[in-house]
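Here are a few notes to read with the model open beside you. Take the points one at a time and find each residue as you go.

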Amino acid sequence: MARRLGPGRLVIASHNPGKLREIAELLGPFRIETTSAGALGLPEPEETGDSFEANAALKAHASAQGSGLPALADDSGLVVPALGGDPGIYSARWAGPGKDFALAMRKVEDGLAGNTDRRAHFVAVLALAWPDGHCECFRGEAHGRLVWPPRGSRGFGYDPMFVHDGQSLTYGEMDPQAKHAMSHRAVAFAKLVEACLA
Ligand code: IMP
């Protein structure tokens with residue numbers, strides 16, 4: 001049985017503005033007061049884990065311990081089977097220090113080099129940690145295919161080259177509400193809500 005999240009403040013353990021915006025929108029209906037790790041001046045821990053779960057948990061633990069409040073972290077990325085699962089947990093790093101996702105998408109496309117297997121999925125793991133060290137993890141996946149050239153300027157990261165199964169628009173072209181209804185983060189979030197919030 002998962003531990004429930006009671007009333008009070010929740011720290012969103014992320015410094016990524018795209019993720020902060022999406023998580024705040026997903027939490028909107030639950031009347032939870034949120035703050036962010038950045039707003040509290042908490043440092044960004046190094047992501048030394050070897051899985052999405054390990055990295056999400058280490059970020060959530062760092063913020064929970066640094067703030068004395070429950071903390072929610074997201075570790076996510078794009079998994080491309082034809083690239084052996086890359087960029088995977090290294091999705092942010094593929095954009096380099098300048099966070100250049102045009103460059104990261106180009107690297108994915110160059111890696112595929114004419115490969116006809118263009119399947120890909122996004123993974124999001126949400127970790128909810130408490131200051132006493134307890135932690136719950138929830139995983140969501142969104143399956144689809146990669147297109148080239150990238151299309152659309154909404155969303156963030158690899159959104160412009162990803163088309164969800166059954167859709168024709170990329171996540172970068174879609175209305176953000178439509179993306180939120182089907183994305184990896186939405187699937188993980190629905191699991192978290194059912195276990196800890198509903
Ligand atoms: P991290 O979880 O901070 O290691 O970063 C995950 C990276 O995965 C992001 O910087 C994006 O590049 C990518 N990513 C995760 N979720 C999404 C998404 O919903 N759309 C596009 N890219 C994403």
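1. Start with Lys 19: a polar atom of its side chain sits 2.7 Å from an oxygen atom of the ligand. That is a polar contact, meaning a pair of N or O atoms within 3.5 Å. This is a predicted model, where local features need pLDDT of at least 70 and side-chain atom pairs count only at pLDDT 80 or more, while totals for chains, interfaces and linings use all residues. Residues are numbered from 1 along each chain as its sequence is written, and side-chain values use heavy atoms, leaving out hydrogens and water.

2. Next, look at Glu 47, where a side-chain N or O atom is 3.1 Å from an oxygen atom of the ligand. Arg 185 reaches a nitrogen atom of the ligand instead, with a polar side-chain atom 2.8 Å away. Of the 490 Å² of accessible area that the ligand has on its own, the protein covers 95% (Shrake-Rupley method, 1.4 Å probe).

3. How many residues surround the ligand? There are 19, and the closest are Lys 19, Phe 101, Asp 159, Lys 179 and Arg 185 (a heavy atom within 4 Å counts as near).

4. Now find the open sheet: its six strands follow the order E2-E1-E3-E4-E5-E6, with mixed pairing. Strands are DSSP runs of at least two residues, and two of them pair if DSSP finds at least two bridges between them. The edge strands, E2 (33-36) and E6 (162-164), each pair on one side only.

5. Finally, E1 (residues 9-12) and E3 (residues 71-79) run parallel, joined by two bridges. Val 11 stands opposite Ala 71 in E3.

Notes
Helix = DSSP H or I, 4+ residues; strand = E, 2+ residues; numbered from the N terminus. Polar contact = N/O pair within 3.5 Å; in protein donor to acceptor, adjacent residues only side chain to side chain.
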